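Please keep the sequence and the structure in view while reading.

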Amino acid sequence: GVGDRVWLALAAYQRANSGSAQEYAMLPAERVFLLPANASFDQGASLGVPAITAYRALTVAEDGPWRLHPGALTGKVVLVAGGAGAVGHAAIQLARWAGASVITTVSGPAKAALATAAGAQHVLTYTDPDVVARIRAIAPDGVDLIVEVAPAQNARLDLAVIRNRGSIAVYANNGGDQVTLDVRQHFSLSVRYQFVLLYTVGADVIRAAAEAINAALVDGALAVGEEAGLPLHRTDLAHTADAHALVESGVVGKVLIDVSVGFAPAA
Ligand SMILES: NC(=O)c1ccc[n+]([C@@H]2O[C@H](COP(=O)([O-])OP(=O)(O)OC[C@H]3O[C@@H](n4cnc5c(N)ncnc54)[C@H](OP(=O)(O)O)[C@@H]3O)[C@@H](O)[C@H]2O)c1
């Protein structure tokens, strides 16, 4: 209704005029979700792409779960590659909310601090020559699910730590487009590779993701800001190009655009 606080997904997809860097926008209702009363606009602005992508990656495993809720991942070990990234951050938070034990890999200490703040119980450095042994020490039978940002670089690591019937959900091509897989070793473990792109996952997945994300918001499980592992950087509408430049420069965290100067959010 009028005045409802909302968050968006796929705002500008096939609708160039519907992008969210403007004060007023018209969107199809299925791309708009009520923002729970306890959630901030900063959270709402940070969700659309990363949290839905993370949700999908966490719900594609052969043995489920197909939906996330508290307890859905209890007893499972999830490996999140790149836990200081925006998607990685959301994956850690959603996996923890659902009860998983979360291992994440990062490039160094600053990102390790962020991934720890996000809630990962085990934070490792992916360049550590002993990273496989360290993961095996935490998960002797292997990890159940891998949320993968850099398959070209991590395919060997992933094979070395995935358990029988485990799944590897790939949502990005950081570090390269080509992956070489040892076919025999993968089929020997009945491993599943699942690729994920928000634009093609389908409306039913987006809807289910939004419901779960809202439940996690109500539970306070999707905090943002440096203290929660996701630094926020701000510009206003007049400096939208700066926001793009910041993203292109590889800034750590989310870049938010305040769309209305002097606008005071109600909550
Ligand atoms: N499939 C989809 O629907 C979808 C949705 C959202 C985003 N994406 C894509 O996903 C990627 C990440 O997006 P984002 O917003 O999360 O970006 P981001 O905030 O830049 O995060 C990427 C993270 O990956 C880490 N990383 C890079 N190489 C790695 C490796 N070999 N092992 C472990 N971690 C590694 C980076 O840290 P270091 O470089 O320090 O390691 C960084 O923290 C982008 O390519 C984006 O286009 C895809």
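For the classes used below, Ala, Val, Leu, Ile, Met, Phe, Trp, Tyr, Cys and Pro count as nonpolar, Asp, Glu, Lys and Arg count as charged, and the others, Gly among them, count as polar. The model described here is a predicted one.

By class, the lining of the largest cavity has eight nonpolar and three polar residues, with no charged residues. This cavity holds about 70 Å³ of space, and the count of cavities of 30 Å³ or more comes to two. Among the residues that line the largest cavity are Ser46, Leu47, His89, Gln93, Leu222, Val224 and Leu230. Two or more lining residues are given by each of helix 1 (41–47), helix 2 and helix 3, and the largest share, four residues, comes from helix 3.

Helix 2 (residues 50–57) and helix 3 (residues 86–97) also pack against each other, at an angle of about 55 degrees and with their axes 8 Å apart. Because angles between 35 and 65 degrees fall in the oblique class, helix 2 is oblique to helix 3. The crossing in which helix 2 passes helix 3 is right-handed. The residues that make the contact are set out by helix below.

| Helix | Residues in the contact |
|---|---|
| Helix 2 | Pro50, Ala51, Thr53, Ala54, Tyr55 |
| Helix 3 | Ala86, Val87, Ala90, Ala91, Leu94 |

By class, this contact of helix 2 with helix 3 has nine nonpolar residues, one polar residue and no charged residues. Pro50, Ala51, Ala86 and Ala90, which take part in the contact, are also among the residues lining the largest cavity.

Conventions. Residues are numbered from 1 along each chain as its sequence is written. This is a predicted model: local features need pLDDT of at least 70, side-chain atom pairs count only at pLDDT 80 or more; totals for chains, interfaces and linings use all residues. Side-chain values use heavy atoms; hydrogens and water are left out. Axes are lines fitted to C-alpha atoms, for helices over the stretch in contact, and angles run from 0 to 180 degrees between N-to-C directions. Angles under 35 degrees count as roughly parallel, over 145 as roughly antiparallel, 65 to 115 as roughly perpendicular and the rest as oblique. A crossing is left-handed if the near helix is turned anticlockwise from the far one by less than a right angle, and right-handed if clockwise. Contact means heavy atoms within 4.5 Å. On a 1 Å grid over the protein atoms alone, a cavity is a set of points where a 1.4 Å probe fits but cannot get out, and a pocket is an open set with protein on both sides within 12 Å along at least five of seven lines; lining residues have an atom within 4 Å of a point. Grid points are joined across faces, edges and corners, and a volume is the space filled by probe spheres set on the points.
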